[in-house]
Amino acid sequence: MVRLIGKTERNLHAHYPSRMDARIWIKWSALINPVTRDAPRIRLHPIIVEALNAHVPCTVTCGGHPMNQMSSDTVFGFVKYPPFRLNQPRFPQETFLGRYLHYLDVVDPSTLFVSDKRLRECVQLLDDYKLGKATAPDKELWRAQKIKQAILHPDTGEKVLAPFRMSGFVPFGWITVTGMLLPNPSWPTLLFWQWMNQSHNACVNYANRNATQPQPLSTYVGAYAAAVSAACSISAGLTYFIKKSTSLPPTTQLIVQ
């Protein structure tokens, strides 16, 4: 829900002196409540919101958060580096765009190349912030928190191996996905890549588990065995029926497999 907080007709008329702009003013003034001098709540696409911010003398908010004019200091209308909040998301989570930007931070593969020295500096900076000693700007604090959360497990504080981090899921996962998409695979190849894919998924889930509620090892082993068995059985079964099908042309069979 987007709310437009309009100005008075006098200010709008002063902002749009030409005849063409006057038509814009007339359309805009038609939205304004004649009593409260305020605009109604209407739904607008974020791109339209930014356009209004650039050309209409009003303040536009989205989900209660100001949508600033686009600049190098904003992204999708949100301030890139707002006042720092420890262990809190950088962008508001009440809107889709805010959640989208948050998860872009989570899966950012650039954190895979952070050195141990840089990681220790980030951890130390955040520790100093807790003690009220940090004097770094908000931008540096947000970056330090992003690096720490991307590399260290939030419960154990241990370093997560790069292939099993959320930021490494796509860079390392594409290998198994490519293997599963190989055309007309042999049975060993088919089963191998299904096993590899489920093994990678299991390692990612285990590395990012909720360590505050320990589970017995048998639980993880059982879930892993069930996932591998289901994936191999389904892929092998579908491949078998496709190969035996007489109604599908060879080209279609090759693509489907």
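Where is the place of asparagine 197? Asparagine 197 sits in helix H8, which spans residues 187-207. The model is predicted, so to read it, keep a few limits in mind: local features need pLDDT of at least 70, side-chain atom pairs count only at pLDDT 80 or more, and totals for chains, interfaces and linings use all residues. Residues are numbered from 1 along each chain as its sequence is written, and side-chain values use heavy atoms, with hydrogens and water left out.

Start with the whole protein. There are ten helices and six strands. Helices (H or I, at least four residues) and strands (E, at least two) are DSSP runs, numbered from the N terminus. Of the 257 residues, 31% count as buried. Buried means under 20% relative accessible area, exposed means over 50%, and partly exposed lies in between (1.4 Å probe, protein chains only). Among contacts with a separation of 6 or more, 58% join residues 24 or more positions apart. Contact here means heavy atoms within 4.5 Å.

Return to asparagine 197. This residue is buried, with a relative accessible area of 12%. Its contacts, leaving aside neighbours within four places in sequence, are Thr176 and Met180.

Proline 185 is buried, at 11% relative accessible area. The C-alpha atoms of threonine 239 and asparagine 184 are 9.1 Å apart, with the two residues 55 apart along the chain.

Now take helix H4, residues 96-106. Which of its residues are buried? They are Leu97, Gly98, Leu101, His102 and Asp105. These residues cover an arc of only 140 degrees around the axis, so they lie on the same side of H4. The arc is that of the directions from the helix axis to the C-beta atoms. An α-helix has 3.6 residues a turn, so residues three or four places apart point the same way. On the other side of H4, Phe96 and Tyr103 are exposed.

Of its 28 lining residues, Gln145, Lys148, Gln149, Ala150 and Leu152 are the closest to its centre. On a 1 Å grid over the protein atoms alone, a pocket is an open set of points where a 1.4 Å probe fits, with protein on both sides within 12 Å along at least five of seven lines; lining residues have an atom within 4 Å of a point. Grid points are joined across faces, edges and corners, and a volume is the space filled by probe spheres set on the points.

H4 and helix H6 (138-151) each supply at least two lining residues. H6 gives the largest share, seven residues. The lining divides into eleven nonpolar, nine polar and eight charged residues. Ala, Val, Leu, Ile, Met, Phe, Trp, Tyr, Cys and Pro count as nonpolar, Asp, Glu, Lys and Arg as charged, and the others, Gly among them, as polar. Where does this pocket lie? Domain 1 (72-151) and domain 2 (161-256) both give residues to the lining, so the pocket lies between them. The domain bounds come from an automatic or database domain assignment.

The second largest pocket has about 330 Å³ of space. Its lining counts 14 residues, with Ala202, Cys203, Tyr206, Tyr220 and Tyr224 nearest its centre. H8 and helix H9 (217-244) are the elements that give two or more residues. This lining has nine nonpolar, five polar and no charged residues.
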